[in-house]
Amino acid sequence: MTAPPRFSWVLLLGVASGLSPFAMSSLVPALPAIQKAHDAGYAQVQWLISAYLLGLGLSQPLQGLLCDAIGRRRALLAGFTLYNIASALAIFAPTLQLLIGIRFVQAVGVSVGTVATRAMVRDVCDTESAAIALTWLAMFMGVAPMAAPALGGLLADSLGWRTIFCAHLVIGVAIAVWMVASLRETRPSGTAAASLSRLAVGFRELAVDPAFVGNSGVYAASNGASFAFITIGAALFHDLFGMSATQYGLYAAGYALSYTAGAALAGRWVRRFGIARTLRIGIAATAIAALLSSAAAAFDHQQFLQLTVAIAILAAAGGLTSPLALAGAVSARPDLAGVASGFSSSIAMLTAAGFAWLGGRLYNGTIGPLAALLAVAALMTYGSARMARRRG
């Protein structure tokens with residue numbers, strides 16, 4: 001096992017990768033305000049989330065190609081420049097349709113954060129060290145979509161929803177300056193020149209690798225479950241329990257502790273029990289969360305408590321499974337680390353977009369649609385894990 005990387009390096013990568021989910025979920029509490037400002041229906045406004053997820057999913061394979069072609073550091077700086085330009089434009093976007101388009105561009109730029117940082121971890125770490133380092137990155141990735149609604153809700157209620165994009169810009173510029181000052185290139189000198197044909201070949205080779213497909217499926221299902229809740233959570237808690245944007249944002253921030261605890265336990269349990277056993281614990285926890293949410297949907301008694309416990313367990317399960325499954329996917333083919341990182345992230349984000357779209361379409365003011373989506377995610381997680389174990 002290689003020596004662990006410096007914490008300051010992991011911290012920077014974690015912040016860079018966490019900006020993507022932060023920019024997505026910080027807007028969630030403001031959706032009702034944006035809906036009112038543009039006199040639009042909920043189905044239209046939810047595209048501010050779906051378009052963002054589509055931008056992530058469609059661009060990440062190309063970001064992996066770019067990371068292999070020009071280097072991880074240069075790709076990061078280029079992507080964050082595009083993200084910052086889009087964030088500035090979003091502040092003044094006059095129509096909902098234009099804002100949706102800008103959100104897509106914003107996602108394309110920031111998507112390089114998750115792809116490049118994972119490839120950089122794989123560049124300098126062996127499989128076990130990468131799994132441990134990725135648990136730290138997972139903490140930032142998990143805290144961001146849960147904690148960001150707190151800031152988004154406070155800004156929307158106190159200063160107006162457009163100030164959320166001001167926060168996106170300020171944070172994006174700060175991270176870019178930090179990267180310019182301290183981040184160094186990690187791409188191995190022997191990395192082959194990237195091309196579209198190599199990307200296609202890499203996709204084909206990875207698509208038939210059980211370890212890559214199975215681990216990517218676990219990662220995708222975990223993200224799908226999380227984003228199903230994130231997309232409809234504000235509306236659900238408002239309709240059932242009367243929460244305002246600020247109240248929901250602060251409430252959702254509490255789930256960050258569960259995800260962080262899960263990711264921290266993953267790092268400890270990998271050393272003690274190994275990757276496979278720790279992953280099985282996370283998969284079992286996902287199933288328990290699905291069962292509890294189904295119970296909350298079926299019975300009117302203590303719905304708030306049952307749903308709270310279910311989502312807390314779901315967040316912890318995500319912290320356990322996501323970094324380990326991601327490490328398994330990226331490590332399946334070390335010679336294709338950049339492509340594998342982009343491909344696995346694309347699968348996860350497109351799955352999340354599907355879950356988010358279904359959540360918006362099925363939402364009827366009750367817990368039922370969320371419970372059904374969590375059950376689907378639990379089954380996907382279990383089936384994908386079995387596939388990953390097929391590699392001898």
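This is a walk through a predicted model, stop by stop, with what to select at each one.

Before you click: residues are numbered from 1 along each chain as its sequence is written, and side-chain values use heavy atoms, with hydrogens and water left out. Because the model is predicted, local features need pLDDT of at least 70 and side-chain atom pairs count only at pLDDT 80 or more, while totals for chains, interfaces and linings use all residues.

**Stop 1: the salt bridge**

Select Asp123 and Arg72. Their side chains meet in a salt bridge, 2.8 Å from N to O (a side-chain nitrogen of Lys or Arg within 4 Å of a carboxyl oxygen of Asp or Glu). The pair ties together distant parts of the chain: Asp123 sits in helix H7 (residues 112–124) and Arg72 in helix H5 (residues 72–91), 51 residues apart. Helix names follow DSSP runs of H or I with at least four residues, while strands are runs of E with at least two, numbered from the N terminus. A search of the whole structure finds 1 salt bridge. Is Arg72 buried or exposed? Arg72 counts as buried, at 2% relative accessibility (buried is under 20% relative accessible area, exposed over 50%, partly exposed in between, using a 1.4 Å probe and protein chains only).

**Stop 2: H4 against H6**

Now show helix H4 (residues 47–70) and helix H6 (residues 96–110). Their axes come within 7 Å and cross at roughly 30° (axes are lines fitted to C-alpha atoms, for helices over the stretch in contact, with angles from 0 to 180 degrees between N-to-C directions). That makes H4 roughly parallel to H6 (under 35 degrees is roughly parallel, over 145 roughly antiparallel, 65 to 115 roughly perpendicular, the rest oblique).

**Stop 3: the rings**

Colour the aromatics next. How many aromatic pairs does the structure hold? There are 12 aromatic pairs (rings of Phe, Tyr and Trp, the last by its six-membered ring, with centres within 6.5 Å; planes under 30 degrees apart are stacked, over 60 edge-to-face, the rest tilted). Zoom to Phe229 and Phe237, an edge-to-face pair at 6.2 Å centre to centre with 85° between the planes. Phe229 and Phe237 are both buried.

Then hop to helix H13 (residues 255–273), where Trp269 and Phe273 lie 4 residues apart, about one turn of the helix. Trp269 counts as partly exposed at 21% relative accessibility, and Phe273 counts as partly exposed at 27%.

**Stop 4: a loop residue**

Pick Asp39, in the loop between helix H2 (31–37) and helix H3 (42–45). Its phi is near 50°, a positive value in a residue other than glycine. Asp39 counts as exposed, at 73% relative accessibility.

**Stop 5**

Select Leu206 in helix H10 (residues 196–207). Leu206 is buried, with a relative accessible area of 0%. Leaving aside neighbours within four places in sequence, Leu206 is in contact with residues including Phe212, Arg333 and Phe343.

Finish at Ser384 in helix H17 (residues 368–388). Ser384 is buried, at 13% relative accessible area. Beyond its neighbours within four places in sequence, Ser384 is in contact with Gly214, Gly217 and Val218.

Terms used:
Contact = heavy atoms within 4.5 Å.
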